[in-house]
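Dear colleague,

I am writing to hand over the structure below, together with an account of what was found in it. Please read the notes alongside the sequence and the model.

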Amino acid sequence: MQHDTHTGHAHPTGHALHTEHAHHTHEERAHGIGTVSWSMAAQATLHCLTGCAIGEVLGMVLGTAFGWGNVPTMILAIVLAFFFGYSLTLRGVLKAGVSFSTAVRVALAADTLSIAVMELIDNGVIALWPDAMDAQLSDTLFWGALAASLVLAFVVTTPVNKWMIGRGKGHAVVHQYHH
């Protein structure tokens with residue numbers, strides 16, 4: 001078995017990582033990962049929501065401040081939501097001492113569906129809320145609609161994350177890298 005020992009403790013690499021991951025997932029299922037608590041799902045969703053909210057708010061603020069139209073502002077907000085969502089996961093996984101490419105694969109596997117659902121709900125609410133797309137940074141409507149959309153995104157995404165974690169996917173993949 002190959003190990004990466006540059007951090008002072010061994011981490012499997014290559015085929016050994018795949019084999020250990022498959023074994024780890026089997027152990028998790030044997031120890032009840034199939035029955036995921038709502039608290040665990042909410043915690044995973046909150047992690048995703050934090051990155052999404054940072055990107056979403058920053059994108060909306062920048063697009064609005066620059067006087068951009070609705071579509072470019074929304075695109076920027078979505079891109080930044082994915083960027084910050086993935087970045088938070090990358091940061092935690094890289095602390096485990098794995099390579100950057102492995103950390104990227106883990107972040108993509110862990111967060112893509114969660115962020116996509118969150119962004120669909122969040123931006124759908126903003127798009128459908130009367131006058132929210134035209135609200136300015138100084139408007140209560142801007143902040144109220146954004147806050148409500150993020151809360152609704154959390155509520156809708158939590159069952160998705162519960163389902164994924166229960167199948168050893170999503171944030172269940174990240175947990176193997178936390179020591």
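Is Trp143 buried, partly exposed or exposed? The residue is partly exposed, its relative accessible area being 39%. Please note before reading further that this is a predicted model.

**Overall organisation**

The protein contains six helices and two strands. Along the sequence these elements follow the pattern β-β-α-α-α-α-α-α. The protein has 179 residues, of which 41% count as buried. Among contacts in the protein with a separation of 6 or more, 69% are between residues 24 or more positions apart. The protein exposes about 9400 Å², and carbon and sulfur atoms supply 68% of that area.

**Aromatic residues**

How many aromatic pairs does the count come to? The count comes to four. One of them joins Phe83 and Phe84, whose ring centres are 5.1 Å apart; their planes stand at 85°, so this pair is edge-to-face, since planes over 60 degrees apart are classed in that way. Phe83 is partly exposed, at 47% relative accessible area. Phe84 also counts as partly exposed, with a relative accessibility of 23%.

Trp143, with which these notes began, forms an aromatic pair with Phe142. The arrangement is edge-to-face, with 4.8 Å from centre to centre and 75° between the planes. Phe142 counts as buried because its relative accessibility is 6%, and the limit for that class is under 20%. Trp143, at 39%, is partly exposed.

A further aromatic ring, that of Trp38, has a charged residue over its face: Lys162 lies there, at 4.9 Å from the ring centre.

**Helix H5**

Helix H5 covers residues 140–166, and Leu152 is found in it. Leu152 counts as partly exposed, at 39% relative accessibility. Together with Val151, Val155 and Val156, Leu152 forms a nonpolar patch on the surface. The accessible area of these residues together is about 320 Å².

Trp163 also has its place in helix H5. With a relative accessible area of 47%, Trp163 is partly exposed. How far apart are Trp163 and Thr35 in sequence and in space? They are separated by 128 residues in sequence, while the distance in space is 9.3 Å, C-alpha to C-alpha.

Asn123 has its place in helix H4, which spans residues 100–128. Is this residue, Asn123, buried or exposed? Asn123 counts as buried, because its relative accessibility is 5% and the class takes in values under 20%. Which residues is Asn123 in contact with, leaving aside its neighbours within four places in sequence? The contacts of Asn123 are with Glu56, Met60, Met74 and Ile78.

Asp131 is found in the loop between H4 and H5. Its phi angle is near 70°, a positive value in a residue other than glycine.

Yours sincerely

How values were computed: Residues numbered from 1 in each chain as written. Predicted model: local features only at pLDDT ≥ 70, side-chain atom pairs only at ≥ 80, totals over all residues. Heavy atoms only, no water. Phe/Tyr/Trp six-rings, centres within 6.5 Å; stacked < 30°, edge-to-face > 60°. Buried < 20%, exposed > 50% of the residue type's maximum accessible area, 1.4 Å probe, protein only. Lys NZ or Arg CZ within 6 Å of the ring centre and 35° of its normal. Helix = DSSP H or I, 4+ residues; strand = E, 2+ residues; numbered from the N terminus. Contact = heavy atoms within 4.5 Å. Areas by Shrake-Rupley, 256 points an atom, 1.4 Å probe, with all protein chains shown as cover. Patch = residues over 30% accessible without salt bridge, like charges linked within 9 Å, V, L, I, M, F, W, Y side chains within 5 Å. Salt bridge = Lys/Arg side-chain N within 4 Å of Asp/Glu carboxyl O.
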